[in-house]
Amino acid sequence: MTQKFRAPLKARSSLLTPWESTGLLFANSEQPGNEIAPLDSNSSCRKMFKLVLNALLMSLDFLVVGSGLFGATFARLATDEGYKCLIIDKNSHIAGNCFTRKHGVIDVHEYGPHIFHTSNKEIWDFVNKYATFNSFVNRPKALFSNKLYSLPFCLQTFYELWGTKTEEEAKKIINSQRYTGEIRNLEDQALALVGRDIYETLIKGYTEKQWGRPAKELPAFIIKRLPLRFTFETNYFNDKYQGIPNQGYTELFLNLLKDIPIKLNVNYLHNRNFWKEQAPTIVYTGGIDEYFDYCYGNLEYRSLRFEHRVLETTSNYQGNAIVNYTNKEVPFTRCIEHKFFSSAQCKETVITREYPLNHTKDKVPYYPVNTEDNQALYKKYSALASNESNVYFGGRLAEYKYMDMHVVIESALNKWKKLKKVKQVLF
Ligand SMILES: Cc1cc2nc3c(=O)[nH]c(=O)nc-3n(C[C@H](O)[C@H](O)[C@H](O)COP(=O)(O)OP(=O)(O)OC[C@H]3O[C@@H](n4cnc5c(N)ncnc54)[C@H](O)[C@@H]3O)c2cc1C
C-alpha cells in the first residue's frame, strides 16, 4: 500500500529565536543608523564608509538571507568570530535544498539525493564538526528496458552491455561506434565521446527528460566530457571523502546554526527596505534575477517535482539508494530509496521519484540552463549586484551556478574571508 507524504515538518521551534518574542529586531529598526541616507555612489570607499557608520550604530553585523548551505556556513563563520548575525528564510524550514525529514528511522532527502563528497580536508573537517558521517559510497544503477546497468560507465557497465571483460575488448567496441562527423548538437557530441550503445542505453532518454527537448535540439556544450572508466570500480565519485550525516542533513544544520537567530517564512524581497535597515551588511543567497525584479528578464532554470511515497508493506523496493530510469517513456528520471543512504533497519521503505519540469516563477528553480544567452544575462545581473551597496551575493541562486555542497561551503568560506578583511580594516 502506498501513502503520500504530508508537507515538510517545520524546524525545531527552539531555533525560531528570541527575536520575535522580545521585539529586539523591531527595536533595532528604530535605531538612528537607519536614518543615514543611502549613498548612491558605488565606490568601495563609500561602501566601506557606510559599512563603518552603520556598524557603529547598529547591533547586528550581518543579515543573512537564506538558511541553505551558503547562508548557514557564512553565518557560522561570522558568529564564531564574534559578529552578530540574523538569518531570514522564506521557507518554513532551514537547510534549503539539503533539508532532510525524519520518517521513523529513515532520513528522507526532501529535495533530491544529497551525497557529500570532497577531496578538500578543510571542508571535510568543517562539516565533521557539525555531524558524524557514515561511509556511504554512491554506486547508482540505471534501468533501461527492464535491464539494470552499473554507473558510472566502467568495465562493469561494458560487461553488462556487451559481455566484454577487459579494457581492450571494451575500447574496440566503443571506438567502432564513435561518431566522427561534424558536431552539431548534444547527440553528435555524446556519440563522438562514447559511441551508440552507451548513448542510446544510458544517456539519450535521461538527458531528453532532464532538459525537456530532443538531444538533437540541445547544444553540444552541455556534455563536455563523458568519463569512461576502464576498471571495475563503481564508486561514482573520485573524491577522497564521502558520506551522509548519520542523523540527516537537518541535524547537521541544527548544529551548524546553533545559537544563531533565524526567522522562517520571511521573504526578504517582500519588505526589502525594512530588512536592509536591520544590518550594515546583507548576505543574499536568493535568485539574482528576482532580486533585481527580473529587470533584464528571467534566468532560465529546469525545475523538478519530487513524488515521495511510503511503501508500508515493502522493506526493500530497489535494493539501492539511486536508480536512474533511462527510457524516454518513463516520465521520471530517478528513483531514490532513502533507507539505503544509511543502515536504517525497518519494515517499511520510502521512495522518491524525480520528475523534471519546465521552470515557472511558482516553482523552485533547480538546475540553471547554462546557455550562452543565460550566461550573458547573468553577467548583466552580476554587474548590477557588484554596484549594490552593502549587499553581497552568494550561493547557487545568487551565482546562477550548479554547485555541489563542498563547492558551496568553499565559496562561503572565501566570501567570509574577504568580508572579514573589510570588517577588520574598519574596526
Ligand atoms: C536534485 C539535486 C540533487 C543534489 N545532489 C547533490 C549531491 O548529491 N551532492 C552535492 O554535493 N550537492 C548536491 N546538490 C547541490 C546542493 O543542493 C547545493 O549545493 C546546495 O543546496 C546549495 O546551497 P545554497 O545555500 O546555495 O542554496 P539553497 O539550498 O537553495 O538555499 C537558499 C535558501 O535561500 C532562501 N531564499 C531564497 N530567496 C529568499 C528570499 N527572497 N527571502 C528569504 N529567503 C530566501 C531559500 O528558501 C533557501 O532556503 C544537489 C542539488 C539538486 C537540485
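Predicted model: local features only at pLDDT ≥ 70, side-chain atom pairs only at ≥ 80, totals over all residues.
**Figure 1. Strands β2 and β11 side by side.** Strand β2, which covers residues 62-65, is joined by four bridges to strand β11, which covers residues 281-284, and the two strands run parallel. Within this pair, Val-64 stands opposite Val-283 of β11.

**Figure 2. The surroundings of Val-64.** When residues up to four places away in sequence are left aside, Val-64 touches Gly-71, Phe-74, Ala-75, Cys-85, Ile-87 and Val-283. Val-283 is therefore a residue to look for here again, since a C-beta distance within 7 Å is what counts as a contact, and Val-283 is the residue of β11 that stands opposite Val-64.

**Figure 3. The largest nonpolar core.** This core has 70 residues, and those that touch the most other members are Leu-63, Val-64, Phe-74, Ala-75, Phe-253 and Leu-257. Helix α4, residues 69-80, supplies the largest share of this core, namely seven residues.

**Figure 4. Helix α8 and its cover.** Seven of the nine residues of α8 are buried, so this helix is largely enclosed by the rest of the structure. The buried residues are Leu-186, Glu-187, Gln-189, Ala-190, Leu-191, Leu-193 and Val-194, and what covers them includes α7, residues 167-177, as well as α9. After α8 comes Gly-195, whose phi is positive, near 85°.

**Figure 5. The packing of α8 against α9.** Helix α8, residues 186-194, and helix α9, residues 196-211, pack at an angle of about 145°, with their axes 9 Å apart, and α8 passes α9 in a right-handed crossing. On the side of α8, the residues that meet α9 are Leu-186, Ala-190, Leu-191 and Val-194, while α9 contributes Arg-196, Ile-198, Tyr-199, Ile-203 and Thr-207. The residues of this contact divide into seven nonpolar, one polar and one charged. An α-helix has 3.6 residues a turn, so residues three or four places apart point the same way.

Key: Residues numbered from 1 in each chain as written. Core = buried A, V, L, I, M, F, W, Y, C linked by C-beta atoms within 7 Å. Buried ≥ 20, exposed ≤ 12 C-beta atoms within 10 Å, placed from the backbone. Contact = placed C-beta atoms within 7 Å. Pairing = 2+ DSSP bridges. Axes fitted to C-alpha atoms, helices over the stretch in contact; angles between N-to-C directions. Left-handed = near helix turned anticlockwise from the far one by under 90°. Nonpolar A, V, L, I, M, F, W, Y, C, P; charged D, E, K, R; others polar.
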